[in-house]
Amino acid sequence: MHVLGIMGSPRIKGNSDLLLDEALAGAREAGAETEKITVAKLKIEPCEEYYACLKDGRCVIHDDMGAVYDKLLAADAVIVASPIFFYTVSAQLMPLISRCQALWVRKYVLKAMDIPVRKGAFIAVGATKGQKLFDGPKLTIRYFFQAINVELREELLIRGVDKRGEIKDHPDHLAAARALGKRLATA
Ligand SMILES: Cc1cc2nc3c(=O)[nH]c(=O)nc-3n(C[C@H](O)[C@H](O)[C@H](O)COP(=O)(O)O)c2cc1C
């Protein structure tokens with residue numbers, strides 16, 4: 001079992017990063033191999049709507065997304081961790097998601113998605129306590145996952161955590177992330 005973690009925050013060792021590390025540690029405890037990509041360290045342009053992917057499900061923009069497509073398609077499980085920015089996922093994460101339009105085309109237009117449905121989890125953290133804080137990002141992640149043939153199985157949605165690393169003051173949330181990773185990696 002290979003679990004891919006996608007870290008969406010620009011803040012290294014911030015709350016999303018620490019929660020994702022715990023989830024991946026939990027997956028390793030369950031016997032999985034893990035890999036983490038930090039989107040802020042990659043050069044990924046957003047989708048430009050060239051729609052060259054309509055030919056063969058491949059994007060004509062050549063940047064770090066090329067390697068990310070391979071990782072997304074090869075993983076047995078995917079965990080996305082993101083801070084909430086203006087009631088959605090981070091701006092750093094959105095280009096990666098929009099570039100998966102090529103995989104959406106591959107699946108729904110060309111009917112050429114030849115990999116099984118895998119398992120997915122979404123971890124999100126926001127500063128405020130708004131009731132609808134996660135409504136938008138949950139839909140974004142659900143439809144992102146559908147495009148890449150991943151089913152959203154687990155969510156860890158945390159309100160009221162703001163400063164860098166403040167999540168360390170909440171061992172219950174870190175334990176929940178570890179348990180999530182463990183469950184995801186268990187068949
Ligand atoms: C640009 C920006 C927009 C934000 N928008 C929201 C928001 O809409 N709702 C919210 O609750 N918190 C918002 N926050 C706060 C972050 O979600 C919060 O600080 C979170 O803990 C950051 O996680 P990180 O350390 O993983 O980056 C925003 C922060 C930034 C920098």
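Leaving aside neighbours within four places in sequence, alanine 32 is in contact (heavy atoms within 4.5 Å) with Met1, Val3, Ala27 and Ala185. The model is a predicted one, in which local features need pLDDT of at least 70 and side-chain atom pairs count only at pLDDT 80 or more, while totals for chains, interfaces and linings use all residues. Residues are numbered from 1 along each chain as its sequence is written, and side-chain values use heavy atoms, with hydrogens and water left out.

Alanine 32 sits in the loop between H1 and S2; helices (H or I, at least four residues) and strands (E, at least two) are DSSP runs numbered from the N terminus. With a relative accessible area of 9%, alanine 32 is buried. Here buried means under 20% relative accessible area, exposed over 50%, and partly exposed in between (1.4 Å probe, protein chains only). Leucine 184 is 152 residues away from alanine 32 along the chain, yet their C-alpha atoms are separated by 9.6 Å.

How do H1 and H7 meet? The axes of helix H1 (residues 15-29) and helix H7 (residues 171-185) come within 6 Å and cross at roughly 40°. Such axes are lines fitted to C-alpha atoms, for helices over the stretch in contact, with angles running from 0 to 180 degrees between N-to-C directions. H1 and H7 are therefore oblique to each other; angles under 35 degrees count as roughly parallel, over 145 as roughly antiparallel, 65 to 115 as roughly perpendicular, and the rest as oblique. The crossing of H1 past H7 is right-handed, that is, the near helix is turned clockwise from the far one by less than a right angle. On the H1 side, the residues involved are Leu18, Leu19, Glu22, Ala23, Ala25, Gly26, Ala27 and Glu29, and they meet His173, Leu174, Ala177, Arg178, Leu180, Gly181, Lys182 and Ala185 in H7. Sorted by class, this contact has 9 nonpolar, 3 polar and 4 charged residues (Ala, Val, Leu, Ile, Met, Phe, Trp, Tyr, Cys and Pro count as nonpolar, Asp, Glu, Lys and Arg as charged, and the others, Gly among them, as polar).

Two other residues of these helices can be picked out. Serine 16, in helix H1, counts as buried at 2% relative accessibility. Beyond its neighbours within four places in sequence, serine 16 is in contact with Met7, Ser9, Ala81, Ser82, Pro83 and Val125. Arginine 183 belongs to helix H7 and, at a relative accessible area of 45%, is partly exposed. Residues up to four places away aside, arginine 183 touches Lys119 and Glu154. Between arginine 183 and arginine 153 there are 9.8 Å in space, C-alpha to C-alpha, for 30 residues in sequence.

Helix H3 (residues 65-74) comes next, with Met65, Val68, Tyr69, Leu72 and Leu73 buried. Seen down the axis of H3, the buried residues fall within an arc of 130° (taken from the directions from the helix axis to the C-beta atoms), so they line one face of the helix. Asp70 and Ala74, on the other side of H3, are exposed. The partners of the buried face include strand S1 (2-7), strand S2 (33-38) and helix H6 (135-147).

Finally, the backbone. Most residues other than glycine have a negative phi. Tyrosine 51, not a glycine, has a positive phi of about 60°, and asparagine 149, also not a glycine, has one of about 65°. Tyrosine 51 is in the loop between S2 and helix H2 (53-56) and is partly exposed at 34% relative accessibility. Asparagine 149 lies in the loop between H6 and strand S5 (150-158) and is buried, at 7%.
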